[in-house]
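Hi everyone, thanks for coming. Please have a look at the picture first.

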Amino acid sequence: MAKIIDRSGVESLIVDTYANEIISGAVAESVVLSQFTRLPNMTSKQHVMPVLSLLPQAYFVDGDTGLKQTTNAEWKDRKIVAEEIAVIVPIPEAVLDDADYDVFAEITPRVVEAFGKKIDGAVLFGADKPTSWRESLVDSAISAGNVVTESGDLFLDIFGEDGVISKVEEDGFIPNGYVSSVRMRGKLRGLRDDNKNPIFTQNLRESSAPYALDGSPIHFAMNGAFDVSKAELIAGDFSQAVYSIRQDMTVKFLDQAVISDNDGKILYNLAQQDMVALRFVMRLGWEVTNGINAITSDYDKQFPFSVLQPKVGE
């Protein structure tokens with residue numbers, strides 16, 4: 001006789017096991033969460049970070065009795081605002097009645113994918129982003145003038161004097177990572193330096209090692225969030241991008257709820273249709289610290305990321 005997974009059994013299982021599994025999977029699935037610096041969890045909806053915006057200056061002393069000059073430093077606030085990301089997965093009760101079928105093993109990868117895609121789309125491109133979140137990474141780079149449009153010479157677009165790497169360096173940052181869509185792999189494989197050595201390489205001694213570009217890892221978004229109509233490649237100093245979680249993943253088992261769309265149309269009446277649902281929720285926010293450095297003189301124009309845009313019409 002088949003065993004039934006009842007409400008109490010499901011709740012004890014999903015809270016301890018699958019909540020942790022899903023948040024860990026979302027970090028691995030999301031380019032943003034895997035590459036950005038994670039700050040300590042937020043204790044409130046907003047977290048303010050003071051960022052140095054004016055460097056102190058030093059001066060030579062004129063002679064033995066010269067006066068030592070004073071200087072000052074200034075800080076600007078960077079605000080991280082936590083917003084909620086959620087998904088509800090309805091499940092027919094008949095599926096749960098089958099004890100030999102691991103429902104949660106099937107659900108987990110899909111939830112992981114959904115969270116990773118939503119986070120990456122909002123942070124990188126502003127897709128469906130909360131109004132409280134800052135301008136997306138790509139839009140911010142374009143606003144700062146750190147943008148290159150494909151010229152037909154991918155080598156120069158990336159490595160040239162006015163390429164995406166130089167755009168970041170000119171603002172006083174050293175790129176330590178790249179993000180792109182998987183279709184960029186085909187474009188990069190043929191790139192060679194002056195000695196005919198491949199630019200786009202992988203450490204063959206480590207099969208799991210990421211591909212590298214100019215000595216730094218390049219990560220390919222595989223969750224469908226990378227918008228190739230807006231960017232071919234994002235380069236930057238990823239130590240300057242941070243995120244913080246306000247609420248770790250929570251999972252709630254529902255069996256009496258009514259689920260509707262944004263217009264109020266009822267999609268599922270769980271009790272009436274012999275269904276249950278799992279509700280997954282987490283809250284997080286992000287920011288670019290963009291601290292002042294000794295290279296740039298205009299804090300308001302510097303930005304630690306740049307973008308390679310596709311040709312118009314592609």
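Let's begin with a word we will need: a residue is called buried when its relative accessible area is under 20%, exposed when it is over 50%, and partly exposed in between, using a 1.4 Å probe and protein chains only. Before we use it, please keep in mind that this is a predicted model, where local features need pLDDT of at least 70, side-chain atom pairs count only at pLDDT 80 or more, and totals for chains, interfaces and linings use all residues. Residues are numbered from 1 along each chain as its sequence is written, and side-chain values use heavy atoms, with hydrogens and water left out.

Now, Glu232. Is this residue buried or exposed? Glu232 counts as buried, because its relative accessibility is 0%.

In general, side chains of opposite charge can pair when their charged atoms come close. The whole structure has seven salt bridges.

One of them joins Arg183 to Glu232, with the closest N and O atoms 2.6 Å apart. This pair links distant parts of the chain, 49 residues apart: Arg183 is in the loop between β6 and α8, and Glu232 is in the loop between β9 and β10. Those labels come from DSSP runs, numbered from the N terminus: helices are H or I with at least four residues, and strands are E with at least two. Arg183 is partly exposed, at 39%.

Glu232 also forms a salt bridge with Lys187, where the closest N and O atoms are 3.1 Å apart. Lys187 lies in helix α8 and Glu232 in the loop between β9 and β10, so this pair ties together parts 45 residues apart in sequence. Lys187 is partly exposed, at 33% relative accessibility. Through shared partners, Glu150, Arg183, Lys187 and Glu232 are joined into one network.

For another kind of pair, look at Glu113 and Arg110, a salt bridge with its closest N and O atoms 3.9 Å apart. Why are these two separated by about one helical turn? Because they are three residues apart in helix α4.

Next, the rings. A pair of aromatic rings is described by the distance of the centres and the angle of the planes. Rings of Phe, Tyr and Trp (its six-membered ring) pair if their centres lie within 6.5 Å; planes under 30 degrees apart count as stacked, over 60 as edge-to-face, and the rest as tilted. The search finds six aromatic pairs. Phe36 and Phe238 make a tilted one, 6.2 Å centre to centre with 50° between the planes. They sit 202 residues apart in the chain, and both are buried. Phe238 also pairs with Phe305: the centres are 5.1 Å apart and the planes at 85°, so this pair is edge-to-face. Phe305 has a relative accessible area of 0%, so it is buried too. Together, Phe36, Phe238, Trp286, Phe303 and Phe305 form one aromatic cluster.

Last stop: Asn223, in the loop between β9 and β10. With 4% relative accessibility, Asn223 counts as buried. Its neighbours by contact (heavy atoms within 4.5 Å), not counting residues up to four places away in sequence, are Glu29, Ser30, Gly116, Lys117 and Asp120.

Definitions and conventions:
A salt bridge is a side-chain nitrogen of Lys or Arg within 4 Å of a carboxyl oxygen of Asp or Glu.
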